[in-house]
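Here's a quick briefing to read alongside the model. Have a look at the structure first, then run through the notes.

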Amino acid sequence: MALDVTVRVEPPWQTDVAALIDELDAYQRTLYPPESLHALDCAALSADDVVFAVARDALNTAVGCAALRVGDGYAEIKRMFVRAGVRRGGIGTALLGFLEAEAAERGFDRMLLETGVHQPQAIALYSSHGYVCCGRFADYPDDPLSVFMQKHLNG
């Protein structure tokens, strides 16, 4: 069942959004050792090369977030998260579509991301939207717990 959400650019340091990011961090710490976590903190999420998006439900509650970091010739998805109680309601798809539109508007035609092997739902979401596995990129270390994916927006 799809939930009614609004996705917009917002600052990550808001109290309710910071709590959402804390939930994401706590969740990821249950899945991966510290050396396999490649997260951006609130300061990095506020940088000029990052677009941070928040999904809010009809009651204006922050239920999901994601970031778009622009790099050299590509845009990277970071910090994608949807609260456990509202997963499978289309929020991930809404966030993904928002980030892809932002990247295309900025002239990027390639999206990249890093996720983890212990997140099959995330991998399935990305795959269902045309993302395919690729080699590591940027300054990510060679980590057997990482999964790298990409999508070309124009074909």
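Predicted model: local features only at pLDDT ≥ 70, side-chain atom pairs only at ≥ 80, totals over all residues.

Residues are numbered from 1 along each chain as its sequence is written, and side-chain values use heavy atoms, with hydrogens and water left out.

**Helix α3**
- Helices are DSSP runs of H or I with at least four residues, and strands are runs of E with at least two, numbered from the N terminus.
- α3 covers residues 91-105, 15 residues in total, and its 21 Å from first to last C-alpha is close to the 21 Å expected (1.5 Å times one less than the number of residues).
- Its buried residues (under 20% relative accessible area, 1.4 Å probe, protein chains only; exposed is over 50%, partly exposed in between) include L95, F98 and E102.

**K78**
- K78 sits in strand β4, residues 75-82, and counts as buried because its relative accessibility is 6%.
- Its side chain has a polar atom 2.6 Å from the backbone oxygen of H38.
- The side chains of K78 and Y140 make a polar contact of 2.8 Å (N or O atoms within 3.5 Å, one able to donate a hydrogen and the other to accept it; residues adjacent in sequence count only if both atoms are side-chain atoms).

**Cysteines**
- Searching the whole structure turns up 0 disulfides (cysteine sulfur pairs within 2.5 Å).
- C42 is in none, with the nearest cysteine sulfur, in C65, 9.3 Å away.
- C133 is exposed at 58% relative accessibility.
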